[in-house]
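Walk through this model with the structure open beside the text. How do its strands connect, and what surrounds its ligand? The paragraphs below take these topics in turn.

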Amino acid sequence: MCRSDLHAFLQALPKCEHHMHLEGALTPSVLFQLAAKNKIQLPSDDPAFTSPSTLAERYNQFTSLDDFLHYYYIGMSVLMDASDFEALAWDYFTHASADGVVHAEVFFDPQAHLSRDVSYDVVLAGFMAARSRANSEFGISSELICCFLRHLPAADGLATFKLDAVHASFSSGQVVGIGLDSSESPFPPELFKDIYDAAKASGLKRTAHAGEEGPAAYIKGALDDLDVSRIDHGIRLAEDPALVKRVAEQQILLSVCPISNVLLRCVSSVAELPIRMFLDQGVRFSINSDDPAYFGNNYLLANYCAVQDAFGLSKDEWSGICEAGINGSWCSEQRKEEMLAKLKAVVTQFRSKDAA
Ligand SMILES: Nc1ncnc2[nH]cnc12
Ligand SMILES: [Zn+2]
């Protein structure tokens, strides 16, 4: 709940989410349930794995991106069959619906499953089932983005990209784009140029995490070498004024994750994020939840509220943020028109409430 009186407005806005890792929707209690069901041994030498509550307590104390990723990869080791992946994604879509999300473009990390002998088809089947249900029960449209892990050799990513099952998911449109995630430094974007060139040749959309912990030079590298149309996080863009201008002119969308940035110690508070500068300089951005189950169960609306509490934005500014998010989405033009119409209706409804 926001401290400000804009909570009802923020709830009602038709929101798009562009930066959410489905594996980051795994709550401690589901993690323990699936570990028991699938007979997965959790680390016995880490007291955090005593119970769901000790694990949640440990999640409150992340010291860095890599500290979080350590738990994130252990967590996903409990996901084994399609029903596990479906339940995971369904849990996310349920929260998303409650928060007024109308369109979600969600990441997944196939290499982290393939390395455990869980096939790509199993992962995809679970996610596709949840997406279909979210569409019919909640009216949420969604897209899948296949991420490559930058702490692994680029050759491993390219081999994954070329797998028949992965290729089939691209050509059928089940997966619309690729991303790059995991430990940011010291893995500059150019290491992954071959994968991105191949993705471009296949007509896929492209985004990459950059400027989360890593420098603004990684944002420039993602634009120059990977030819991305979006940047995930991008908060260190502020360090390079010429790049700020370029990102604004090229209408690159940044998918900013405010609560994640605070909990992973990229900034000390949401107020430290360059949100005001982005608005003033015409940099387009959306607000996102990243890994909500690892970040205090703060799903999308909590991130909107955190930004509102820190910056006190106007309704017009929020409407502009949502509009940029709709226009920067990788869905059909028809879906964008539907969401823009819904946005207009909500803004009009709240304007007349204000006038009354
Ligand atoms: N915030 C983040 N940064 C990089 N890789 C991630 N994988 C899941 N969440 C991530
Ligand atoms: Zn992320």
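Predicted model: local features only at pLDDT ≥ 70, side-chain atom pairs only at ≥ 80, totals over all residues.

Start at strand 4, residues 175–181. One pairing to look for is glycine 177, whose bridge partner in strand 5 is lysine 205. Between these strands comes helix 10, residues 193–201. Strand 4, helix 10 and strand 5 form a β-α-β unit, and this unit is right-handed.

Now move on from strand 5. Its pairing with strand 6, residues 230–233, is also parallel and has 4 bridges. Here alanine 210 has histidine 233 of strand 6 as its bridge partner.

Turn to ligand 1. Which residues surround ligand 1? They are His21, Gly24, Leu65, Tyr72, Asp181, Ser182, His209, Glu212, Ser260, Asp290 and Asp291. By class, the shell holds 5 polar, 4 charged and 2 nonpolar residues.

Last, find serine 83 in helix 5, which spans residues 82–98. Is serine 83 buried, exposed or partly exposed? It has 16 other C-beta atoms within 10 Å, so it is partly exposed. A residue needs 20 or more to be buried, and 12 or fewer to be exposed. Compare the position of serine 83 with that of proline 153. The two are 70 residues apart in sequence. In space, they are 30 Å apart, C-alpha to C-alpha.

Technical notes. Residues numbered from 1 in each chain as written. Chains lettered and ligands numbered in written order. Near = placed C-beta within 6 Å. Nonpolar A, V, L, I, M, F, W, Y, C, P; charged D, E, K, R; others polar. Pairing = 2+ DSSP bridges. Helix = DSSP H or I, 4+ residues; strand = E, 2+ residues; numbered from the N terminus. Right-handed = clockwise from strand over helix to strand, strands pointing away.
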